[in-house]
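Colleague: I have a model open and would like to learn how to read it. Can we go through it feature by feature?

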Amino acid sequence: MLSEVLLVSAPGKVILHGEHAVVHGKVALAMALNLRTFLRLQPHSNGKVCLNLPNIGVKQAWDVAGLQLQDTSFLEQGDATAPTAEQVEKLKEVAGITQDGAKPEGLAVLAFLYLYLSICRKQRWAVEDLELINKWAFQGERMIHGNPSGVDNAVSTWGGALRFQQGKISSLERPLALKILLTNTKVPRSTKTLVASVRSRLLKFPEIVTPLLTSINAISLECERMLGEMAVAPAPEHYLVLEELIDMNQHHLNALGVGHASLDQLCRVTMAHGLHSKLTGAGGGGCGITLLRPDLEQLEVEATKQALNDCGFDCWETSIGAPGVSIHSASFLDPSVRQALDGL
Ligand code: PMV
(Lines give C-alpha, C1' and ligand atoms only; values in the text may rest on other atoms or scores of the structure.)
Protein backbone atom coordinates (compact mmCIF):
# COMPACT_ATOMS: atom_id res chain seq x y z
CA MET A 1 0.00 0.00 0.00
CA LEU A 2 1.34 3.43 -0.92
CA SER A 3 1.61 5.80 1.99
CA GLU A 4 2.68 8.86 0.02
CA VAL A 5 2.59 10.25 -3.47
CA LEU A 6 4.94 8.38 -5.78
CA LEU A 7 6.23 10.08 -8.89
CA VAL A 8 7.61 7.99 -11.71
CA SER A 9 8.67 9.13 -15.14
CA ALA A 10 9.64 7.35 -18.32
CA PRO A 11 11.18 8.86 -21.44
CA GLY A 12 9.53 8.86 -24.82
CA LYS A 13 11.55 7.29 -27.57
CA VAL A 14 12.62 7.97 -31.09
CA ILE A 15 13.74 5.35 -33.54
CA LEU A 16 16.85 6.79 -35.12
CA HIS A 17 17.02 4.17 -37.85
CA GLY A 18 15.49 0.78 -38.60
CA GLU A 19 11.73 1.26 -38.11
CA HIS A 20 9.77 -1.33 -40.07
CA ALA A 21 13.03 -3.12 -41.01
CA VAL A 22 13.24 -4.26 -37.35
CA VAL A 23 9.95 -6.13 -37.77
CA HIS A 24 11.73 -8.16 -40.48
CA GLY A 25 14.76 -9.11 -38.37
CA LYS A 26 16.99 -6.14 -39.23
CA VAL A 27 18.85 -3.86 -36.81
CA ALA A 28 17.17 -0.78 -35.33
CA LEU A 29 18.73 2.00 -33.31
CA ALA A 30 16.48 3.67 -30.77
CA MET A 31 17.18 6.42 -28.27
CA ALA A 32 15.39 7.63 -25.18
CA LEU A 33 13.83 11.04 -25.70
CA ASN A 34 14.29 13.81 -23.18
CA LEU A 35 10.54 14.46 -23.16
CA ARG A 36 9.09 12.38 -20.35
CA THR A 37 5.72 11.01 -19.39
CA PHE A 38 5.05 11.52 -15.70
CA LEU A 39 2.98 9.19 -13.59
CA ARG A 40 1.65 10.28 -10.23
CA LEU A 41 0.51 7.49 -7.96
CA GLN A 42 -1.53 8.93 -5.14
CA PRO A 43 -3.12 6.99 -2.28
CA HIS A 44 -6.86 7.51 -1.76
CA SER A 45 -9.06 6.49 1.12
CA ASN A 46 -12.27 6.53 -0.90
CA GLY A 47 -12.02 2.86 -1.87
CA LYS A 48 -11.61 3.68 -5.54
CA VAL A 49 -8.86 3.26 -8.08
CA CYS A 50 -8.92 6.22 -10.46
CA LEU A 51 -7.25 6.50 -13.85
CA ASN A 52 -6.67 10.02 -15.14
CA LEU A 53 -5.03 10.41 -18.57
CA PRO A 54 -5.54 14.12 -19.27
CA ASN A 55 -3.84 14.11 -22.69
CA ILE A 56 -6.47 11.82 -24.17
CA GLY A 57 -9.39 12.86 -21.98
CA VAL A 58 -9.71 9.62 -19.98
CA LYS A 59 -10.93 9.90 -16.38
CA GLN A 60 -12.44 6.76 -14.96
CA ALA A 61 -12.81 5.24 -11.51
CA TRP A 62 -13.61 1.75 -10.26
CA ASP A 63 -14.46 0.47 -6.76
CA VAL A 64 -11.44 -1.50 -5.56
CA ALA A 65 -13.81 -3.86 -3.71
CA GLY A 66 -15.78 -4.35 -6.94
CA LEU A 67 -12.59 -5.13 -8.85
CA GLN A 68 -11.48 -7.58 -6.16
CA LEU A 69 -14.81 -9.38 -6.50
CA GLN A 70 -14.29 -9.83 -10.24
CA ASP A 71 -13.26 -13.26 -11.30
CA THR A 72 -9.76 -12.50 -12.58
CA SER A 73 -8.76 -16.14 -12.84
CA PHE A 74 -8.72 -15.57 -16.59
CA LEU A 75 -5.51 -13.61 -16.01
CA GLU A 76 -2.65 -16.08 -16.08
CA GLN A 77 -0.27 -16.61 -13.20
CA GLY A 78 3.46 -16.69 -13.83
CA ASP A 79 5.64 -14.15 -15.55
CA ALA A 80 4.41 -11.24 -17.68
CA THR A 81 2.15 -12.84 -20.25
CA ALA A 82 0.40 -11.58 -23.36
CA PRO A 83 -3.36 -10.94 -23.20
CA THR A 84 -5.44 -13.32 -25.30
CA ALA A 85 -8.44 -12.19 -27.39
CA GLU A 86 -10.73 -13.84 -24.80
CA GLN A 87 -9.08 -11.96 -21.94
CA VAL A 88 -9.50 -8.70 -23.82
CA GLU A 89 -13.25 -9.38 -24.21
CA LYS A 90 -13.57 -10.17 -20.47
CA LEU A 91 -11.61 -7.02 -19.61
CA LYS A 92 -13.99 -4.92 -21.71
CA GLU A 93 -16.82 -6.18 -19.47
CA VAL A 94 -14.84 -5.31 -16.32
CA ALA A 95 -13.96 -1.89 -17.76
CA GLY A 96 -17.58 -1.28 -18.75
CA ILE A 97 -16.48 -0.57 -22.32
CA THR A 98 -19.45 -0.91 -24.60
CA GLN A 99 -18.25 1.38 -27.41
CA ASP A 100 -15.56 0.48 -29.95
CA GLY A 101 -12.71 -0.89 -27.79
CA ALA A 102 -10.25 -0.21 -30.64
CA LYS A 103 -10.37 3.56 -30.00
CA PRO A 104 -7.12 4.81 -28.37
CA GLU A 105 -9.01 5.85 -25.21
CA GLY A 106 -10.58 2.39 -24.87
CA LEU A 107 -7.25 0.66 -25.55
CA ALA A 108 -5.54 2.80 -22.91
CA VAL A 109 -8.17 1.85 -20.29
CA LEU A 110 -7.89 -1.83 -21.24
CA ALA A 111 -4.07 -1.75 -21.07
CA PHE A 112 -4.26 -0.11 -17.61
CA LEU A 113 -6.80 -2.60 -16.25
CA TYR A 114 -4.90 -5.56 -17.67
CA LEU A 115 -1.66 -4.45 -15.99
CA TYR A 116 -3.39 -3.37 -12.75
CA LEU A 117 -5.36 -6.57 -12.27
CA SER A 118 -2.48 -8.85 -13.33
CA ILE A 119 0.05 -7.15 -11.06
CA CYS A 120 -2.40 -7.02 -8.08
CA ARG A 121 -3.11 -10.71 -8.60
CA LYS A 122 0.54 -11.50 -8.22
CA GLN A 123 0.69 -9.18 -5.18
CA ARG A 124 4.06 -8.00 -6.42
CA TRP A 125 5.08 -4.42 -7.05
CA ALA A 126 8.67 -4.24 -8.17
CA VAL A 127 9.15 -0.71 -9.46
CA GLU A 128 12.94 -0.97 -9.45
CA ASP A 129 12.99 -4.23 -11.27
CA LEU A 130 13.67 -2.99 -14.78
CA GLU A 131 13.38 -6.42 -16.34
CA LEU A 132 9.89 -6.77 -14.99
CA ILE A 133 8.89 -3.24 -15.94
CA ASN A 134 10.13 -3.91 -19.46
CA LYS A 135 8.13 -7.13 -19.70
CA TRP A 136 4.93 -5.49 -18.49
CA ALA A 137 5.46 -2.49 -20.73
CA PHE A 138 5.79 -4.91 -23.63
CA GLN A 139 2.45 -6.48 -22.75
CA GLY A 140 0.90 -3.00 -22.64
CA GLU A 141 2.35 -2.40 -26.13
CA ARG A 142 0.85 -5.69 -27.30
CA MET A 143 -2.55 -4.60 -26.10
CA ILE A 144 -2.25 -1.46 -28.24
CA HIS A 145 -0.15 -2.53 -31.26
CA GLY A 146 -0.88 -6.24 -31.67
CA ASN A 147 2.58 -7.50 -32.62
CA PRO A 148 5.22 -4.95 -31.54
CA SER A 149 8.94 -5.57 -31.98
CA GLY A 150 9.61 -4.60 -28.33
CA VAL A 151 11.87 -1.68 -29.22
CA ASP A 152 9.55 0.99 -27.72
CA ASN A 153 9.19 -0.51 -24.24
CA ALA A 154 12.90 -1.47 -24.12
CA VAL A 155 14.24 2.02 -24.82
CA SER A 156 11.76 3.67 -22.45
CA THR A 157 12.80 1.24 -19.71
CA TRP A 158 16.57 1.25 -20.16
CA GLY A 159 17.06 4.74 -21.65
CA GLY A 160 20.19 5.88 -23.53
CA ALA A 161 20.68 4.40 -26.98
CA LEU A 162 19.86 0.80 -27.83
CA ARG A 163 20.68 -1.54 -30.66
CA PHE A 164 17.81 -3.87 -31.22
CA GLN A 165 17.60 -6.97 -33.42
CA GLN A 166 15.18 -9.88 -33.19
CA GLY A 167 14.46 -9.20 -29.52
CA LYS A 168 18.20 -9.00 -28.69
CA ILE A 169 19.04 -5.69 -27.07
CA SER A 170 22.40 -4.11 -26.39
CA SER A 171 23.25 -0.63 -25.11
CA LEU A 172 25.52 1.65 -27.08
CA GLU A 173 28.37 2.70 -24.83
CA ARG A 174 28.44 6.29 -23.59
CA PRO A 175 26.03 7.64 -26.23
CA LEU A 176 26.22 11.37 -26.88
CA ALA A 177 23.05 13.31 -26.17
CA LEU A 178 22.02 14.44 -29.67
CA LYS A 179 19.99 17.62 -29.93
CA ILE A 180 16.89 17.26 -32.08
CA LEU A 181 13.55 18.77 -32.92
CA LEU A 182 10.68 16.36 -32.40
CA THR A 183 7.76 17.39 -34.59
CA ASN A 184 4.27 16.00 -34.37
CA THR A 185 2.45 16.38 -37.68
CA LYS A 186 -0.77 15.57 -35.77
CA VAL A 187 -1.77 13.25 -38.62
CA PRO A 188 -3.23 10.18 -36.91
CA ARG A 189 -2.08 6.76 -38.04
CA SER A 190 -2.21 3.15 -36.95
CA THR A 191 1.12 1.39 -36.39
CA LYS A 192 -0.62 -1.95 -36.85
CA THR A 193 -1.98 -0.98 -40.29
CA LEU A 194 1.34 0.50 -41.45
CA VAL A 195 3.34 -2.56 -40.34
CA ALA A 196 0.84 -4.75 -42.22
CA SER A 197 1.15 -2.57 -45.35
CA VAL A 198 4.96 -2.98 -45.38
CA ARG A 199 4.53 -6.74 -44.99
CA SER A 200 2.16 -6.92 -47.94
CA ARG A 201 4.49 -4.76 -50.09
CA LEU A 202 7.33 -7.13 -49.17
CA LEU A 203 5.22 -10.14 -50.22
CA LYS A 204 4.13 -8.43 -53.45
CA PHE A 205 7.59 -7.15 -54.51
CA PRO A 206 10.18 -9.25 -52.61
CA GLU A 207 12.97 -8.46 -55.10
CA ILE A 208 12.41 -4.73 -54.62
CA VAL A 209 11.57 -4.47 -50.92
CA THR A 210 14.18 -6.92 -49.52
CA PRO A 211 17.13 -4.75 -50.73
CA LEU A 212 15.43 -1.70 -49.17
CA LEU A 213 15.29 -3.48 -45.80
CA THR A 214 18.91 -4.63 -46.22
CA SER A 215 19.94 -1.06 -46.98
CA ILE A 216 18.07 0.27 -43.92
CA ASN A 217 19.95 -2.34 -41.88
CA ALA A 218 23.23 -1.02 -43.29
CA ILE A 219 22.19 2.55 -42.42
CA SER A 220 21.54 1.50 -38.79
CA LEU A 221 24.96 -0.19 -38.63
CA GLU A 222 26.74 2.84 -40.13
CA CYS A 223 24.92 5.13 -37.69
CA GLU A 224 25.95 2.86 -34.80
CA ARG A 225 29.57 3.07 -36.00
CA MET A 226 29.36 6.87 -36.21
CA LEU A 227 27.85 7.16 -32.70
CA GLY A 228 30.68 4.94 -31.43
CA GLU A 229 33.30 7.25 -32.98
CA MET A 230 31.47 10.32 -31.69
CA ALA A 231 31.47 8.93 -28.13
CA VAL A 232 35.29 8.98 -28.29
CA ALA A 233 35.97 12.20 -30.25
CA PRO A 234 32.98 14.02 -31.77
CA ALA A 235 33.78 16.07 -34.89
CA PRO A 236 31.62 18.22 -37.21
CA GLU A 237 32.07 15.66 -40.06
CA HIS A 238 30.24 13.05 -37.97
CA TYR A 239 27.13 15.20 -37.98
CA LEU A 240 27.29 15.53 -41.77
CA VAL A 241 27.33 11.72 -42.06
CA LEU A 242 24.38 11.44 -39.64
CA GLU A 243 22.49 13.91 -41.86
CA GLU A 244 23.21 11.89 -45.00
CA LEU A 245 22.01 8.71 -43.28
CA ILE A 246 18.82 10.48 -42.21
CA ASP A 247 18.09 11.57 -45.80
CA MET A 248 18.75 8.13 -47.29
CA ASN A 249 16.57 6.38 -44.69
CA GLN A 250 13.72 8.84 -45.21
CA HIS A 251 13.74 8.06 -48.95
CA HIS A 252 13.74 4.31 -48.24
CA LEU A 253 10.81 4.70 -45.84
CA ASN A 254 8.94 6.57 -48.56
CA ALA A 255 9.67 3.68 -50.93
CA LEU A 256 8.26 1.27 -48.33
CA GLY A 257 5.03 3.30 -48.53
CA VAL A 258 5.04 4.68 -44.97
CA GLY A 259 5.64 8.33 -45.88
CA HIS A 260 2.96 11.02 -45.85
CA ALA A 261 2.47 14.46 -47.41
CA SER A 262 2.80 16.01 -43.92
CA LEU A 263 6.18 14.30 -43.44
CA ASP A 264 7.35 15.47 -46.89
CA GLN A 265 6.36 18.98 -45.85
CA LEU A 266 8.29 18.63 -42.57
CA CYS A 267 11.42 17.53 -44.49
CA ARG A 268 11.05 20.37 -47.02
CA VAL A 269 10.55 23.05 -44.37
CA THR A 270 13.55 21.95 -42.31
CA MET A 271 15.70 21.51 -45.44
CA ALA A 272 14.96 25.16 -46.29
CA HIS A 273 16.83 25.91 -43.03
CA GLY A 274 19.63 23.50 -43.93
CA LEU A 275 18.40 20.80 -41.54
CA HIS A 276 17.76 17.11 -42.19
CA SER A 277 14.70 15.18 -41.03
CA LYS A 278 13.13 11.76 -41.16
CA LEU A 279 9.97 10.18 -39.86
CA THR A 280 10.34 8.23 -36.62
CA GLY A 281 8.22 5.25 -35.68
CA ALA A 282 5.56 3.87 -37.96
CA GLY A 283 5.22 6.89 -40.28
CA GLY A 284 2.04 7.64 -42.24
CA GLY A 285 1.92 10.95 -40.31
CA GLY A 286 2.83 10.90 -36.62
CA CYS A 287 6.24 12.31 -35.67
CA GLY A 288 9.48 13.25 -37.38
CA ILE A 289 12.93 14.09 -36.02
CA THR A 290 15.31 16.80 -37.18
CA LEU A 291 18.98 16.65 -36.22
CA LEU A 292 20.36 19.86 -34.70
CA ARG A 293 24.10 20.15 -35.30
CA PRO A 294 25.96 21.62 -32.29
CA ASP A 295 27.29 24.51 -34.39
CA LEU A 296 23.77 25.74 -35.19
CA GLU A 297 22.79 29.27 -34.18
CA GLN A 298 19.84 29.36 -31.75
CA LEU A 299 18.19 31.98 -34.03
CA GLU A 300 18.14 29.43 -36.87
CA VAL A 301 16.63 26.80 -34.57
CA GLU A 302 13.92 29.24 -33.48
CA ALA A 303 13.17 30.16 -37.10
CA THR A 304 12.80 26.47 -38.00
CA LYS A 305 10.50 25.83 -35.04
CA GLN A 306 8.38 28.80 -36.05
CA ALA A 307 8.17 27.55 -39.66
CA LEU A 308 7.05 24.11 -38.42
CA ASN A 309 4.47 25.66 -36.08
CA ASP A 310 3.19 27.70 -39.02
CA CYS A 311 2.46 24.38 -40.80
CA GLY A 312 0.18 23.50 -37.87
CA PHE A 313 2.68 21.04 -36.38
CA ASP A 314 3.70 20.80 -32.72
CA CYS A 315 7.44 21.06 -32.29
CA TRP A 316 9.73 20.47 -29.29
CA GLU A 317 13.43 21.22 -29.03
CA THR A 318 14.87 18.38 -26.99
CA SER A 319 17.58 15.73 -26.97
CA ILE A 320 17.88 11.98 -27.31
CA GLY A 321 19.91 9.60 -25.16
CA ALA A 322 17.90 10.41 -22.00
CA PRO A 323 17.72 8.24 -18.81
CA GLY A 324 15.19 5.40 -18.70
CA VAL A 325 12.23 4.95 -16.34
CA SER A 326 12.98 6.82 -13.07
CA ILE A 327 11.46 7.56 -9.69
CA HIS A 328 11.46 11.18 -8.55
CA SER A 329 11.26 12.89 -5.26
CA ALA A 330 8.63 15.64 -5.57
CA SER A 331 10.97 18.20 -4.01
CA PHE A 332 13.61 17.69 -6.73
CA LEU A 333 11.19 17.82 -9.62
CA ASP A 334 11.38 20.63 -12.17
CA PRO A 335 8.86 23.26 -10.92
CA SER A 336 7.07 23.38 -14.29
CA VAL A 337 6.48 19.60 -14.18
CA ARG A 338 5.30 19.79 -10.55
CA GLN A 339 2.92 22.60 -11.42
CA ALA A 340 1.51 20.64 -14.37
CA LEU A 341 0.97 17.55 -12.19
CA ASP A 342 -0.63 19.60 -9.42
CA GLY A 343 -3.04 21.11 -11.93
CA LEU A 344 -4.55 17.71 -12.84
O1 PMV B 1 4.83 4.07 -34.24
P2 PMV B 1 5.69 3.65 -33.09
O3 PMV B 1 6.36 4.80 -32.42
O4 PMV B 1 5.00 2.73 -32.13
O5 PMV B 1 6.91 2.78 -33.72
C6 PMV B 1 6.66 1.66 -34.54
C7 PMV B 1 7.98 1.07 -34.99
C8 PMV B 1 7.84 -0.09 -35.98
O9 PMV B 1 9.17 -0.52 -36.28
C10 PMV B 1 7.18 0.37 -37.28
C11 PMV B 1 7.04 -1.26 -35.39
C12 PMV B 1 7.74 -1.97 -34.24
O13 PMV B 1 7.01 -2.66 -33.48
O14 PMV B 1 8.97 -1.90 -34.11
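This is a predicted model: local features need pLDDT of at least 70, side-chain atom pairs count only at pLDDT 80 or more; totals for chains, interfaces and linings use all residues.

Colleague: Which residues are closest to the ligand?

Modeller: The ligand is surrounded by 16 residues. Closest are Lys 13, Ser 149, Asp 152, Arg 189 and Ala 282. Look at Lys 13: an N or O atom of its side chain is 2.7 Å from a ligand oxygen atom. His 20 uses its backbone instead, with an N or O atom 3.0 Å from an oxygen atom of the ligand.

Colleague: Which helices and strands each supply at least two residues of the shell?

Modeller: Strand S1 (6-17), helix H5 (151-158) and helix H6 (191-204).

Colleague: How does the shell around the ligand divide by class?

Modeller: Seven residues are nonpolar, five are polar and four are charged.

Colleague: Back to strand S1. Is Ser 9 buried or exposed?

Modeller: Ser 9, which lies in strand S1, has a relative accessible area of 1%. The cut-off for buried is under 20%, so Ser 9 is buried. Its side chain makes a polar contact with the side chain of Arg 36, at 2.7 Å.

Colleague: Now the aromatic rings. How do I read a pair?

Modeller: Two values describe a pair of aromatic rings: the distance of the centres and the angle of the planes.

Colleague: How many aromatic pairs are there?

Modeller: The count is two. In one, the ring centres of Trp 62 and Phe 112 are 6.0 Å apart and the planes are at 20°. Planes under 30 degrees apart count as stacked, so this pair is stacked.

Colleague: Which parts does the pair of Trp 62 and Phe 112 tie together?

Modeller: Trp 62 belongs to strand S4 (residues 58-63) and Phe 112 to helix H3 (residues 104-121), so the pair links parts 50 residues apart in sequence. Trp 62 counts as buried, because its relative accessibility is 8%. Phe 112, at 23%, counts as partly exposed.

Colleague: And the rings of Tyr 114 and Trp 136: stacked or edge-to-face?

Modeller: Their centres are 6.4 Å apart and their planes at 65°. Over 60 degrees counts as edge-to-face, so that is the name for this pair. Tyr 114 is in helix H3 and Trp 136 in helix H4 (residues 130-145), so the pair ties together parts 22 residues apart in sequence. Both Tyr 114 and Trp 136 are buried.

Colleague: Let us stay on helix H4. What span should H4 have?

Modeller: At 1.5 Å a residue, the 16 residues of H4 should span 22 Å. The end C-alpha atoms are 22 Å apart, which agrees.

Colleague: Why do residues three or four places apart point the same way in an α-helix?

Modeller: An α-helix has 3.6 residues a turn, so residues three or four places apart point the same way. For H4, note which residues are buried: among them are Leu 132, Trp 136, Gly 140 and Met 143.

Colleague: What follows H4?

Modeller: Gly 146 does, and its phi is positive, near 90°.

Colleague: Last one, in strand S4. Where does Asp 63 stand?

Modeller: Asp 63 lies in strand S4 and counts as partly exposed, at 42% relative accessibility. Asp 63 and Val 49 are 14 residues apart in sequence, yet 6.4 Å apart in space, C-alpha to C-alpha.

Technical notes. Residues are numbered from 1 along each chain as its sequence is written. Side-chain values use heavy atoms; hydrogens and water are left out. Rings of Phe, Tyr and Trp (its six-membered ring) pair if their centres lie within 6.5 Å; planes under 30 degrees apart count as stacked, over 60 as edge-to-face and the rest as tilted. Helices (H or I, at least four residues) and strands (E, at least two) are DSSP runs, numbered from the N terminus. Buried means under 20% relative accessible area, exposed over 50%, partly exposed in between (1.4 Å probe, protein chains only). A residue is near a molecule or strand if one of its heavy atoms lies within 4 Å of it. A polar contact is a pair of N or O atoms within 3.5 Å; within protein, one must be able to donate a hydrogen and the other to accept it, and residues adjacent in sequence count only if both atoms are side-chain atoms. Ala, Val, Leu, Ile, Met, Phe, Trp, Tyr, Cys and Pro count as nonpolar, Asp, Glu, Lys and Arg as charged, and the others, Gly among them, as polar. The expected span of a helix is 1.5 Å times one less than its number of residues.
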